[in-house]
Each structure stands twice: as C-alpha cells, then as structure tokens.
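Please open the model in your viewer and keep the selection tool at hand. We will go from stop to stop, selecting a few residues each time.

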Amino acid sequence: MSMINNLPQTDFSVFRQLIIECLKKSGGKASRQKVLAFIENKLSEHFLPGDLVWRNGTCEEAWRNNASWVRQKLVNEGFIDNNAPRGIWKLATN
C-alpha cells in the first residue's frame with residue numbers, strides 16, 4: 001500500500017491490473033478518460049483516504065494521478081505503446 005501524507009492509498013499493482021483489464025476489454029486501446037472511468041467504477045467503494053486527496057499540482061484526485069504513473073511504468077516496461085496518440089492508452093504489440 002502506498003502512502004502520502006500518512007494516508008493509506010491503493011497499491012499501484014491494483015491500478016496496473018485494472019488498466020490492463022480495461023484495455024483488453026476495449027480491444028487493446030482506450031482513452032485515458034475511459035480507463036479512469038473503468039477504474040473508478042471498479043474501486044469507487046474501495047478507495048482509501050489517500051486516494052481521494054486533491055493534488056493541486058495535477059488538479060485531480062491522487063488516485064487518477066497514480067493511475068497515470070502506473071501507465072507510464074507500463075510504457076517503460078513495454079506493455080503500453082508510447083507512440084499512441086496523446087490521451088490514448090494502447091497495449092503494445094510485441
């Protein structure tokens with residue numbers, strides 16, 4: 001479990017699993033908004049206090065920013081295509 005300001009947050013592995021699940025169910029690609037809506041639908045009743053902290057720097061709740069960080073990690077690992085159009089999250093084809 002990740003922590004920010006001593007508040008518990010959802011572990012990044014949960015976001016990883018849900019991002020991949022959403023993309024697979026969406027034919028391999030989806031907009032950031034669609035992926036975040038999918039995550040929110042799955043976790044809405046399970047978010048931890050730290051997930052709901054507003055981040056002024058990104059103008060969004062922590063969980064949304066954390067999901068984007070997980071997406072970047074998936075890009076770095078070669079699971080998500082870094083050349084997809086801006087705002088589109090796409091599984092890499094290896």
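A residue is called buried when its relative accessible area is under 20%, exposed when this is over 50%, and partly exposed in between, using a 1.4 Å probe and protein chains only. The model is predicted, so local features need pLDDT of at least 70 and side-chain atom pairs count only at pLDDT 80 or more, while totals for chains, interfaces and linings use all residues. Residues are numbered from 1 along each chain as its sequence is written, and side-chain values use heavy atoms, with hydrogens and water left out.

Begin by selecting G78, which lies in the loop between α3 and β6 (88-90); helices (H or I, at least four residues) and strands (E, at least two) are DSSP runs, numbered from the N terminus. G78 counts as partly exposed because its relative accessibility is 27%.

Next, select C59, in the loop between β4 (54-55) and β5 (60-61), which counts as exposed because its relative accessibility is 55%. The phi of C59 is near 55 degrees, a positive value in a residue other than glycine. Most residues other than glycine have a negative phi.

Now move to T10, in the loop between β2 (7-9) and α1 (12-25), which is buried because its relative accessible area is 8%.

Finally, select I19 and show what surrounds it: leaving aside neighbours within four places in sequence, I19 is in contact (heavy atoms within 4.5 Å) with residues including V35, I39, L74 and W89.
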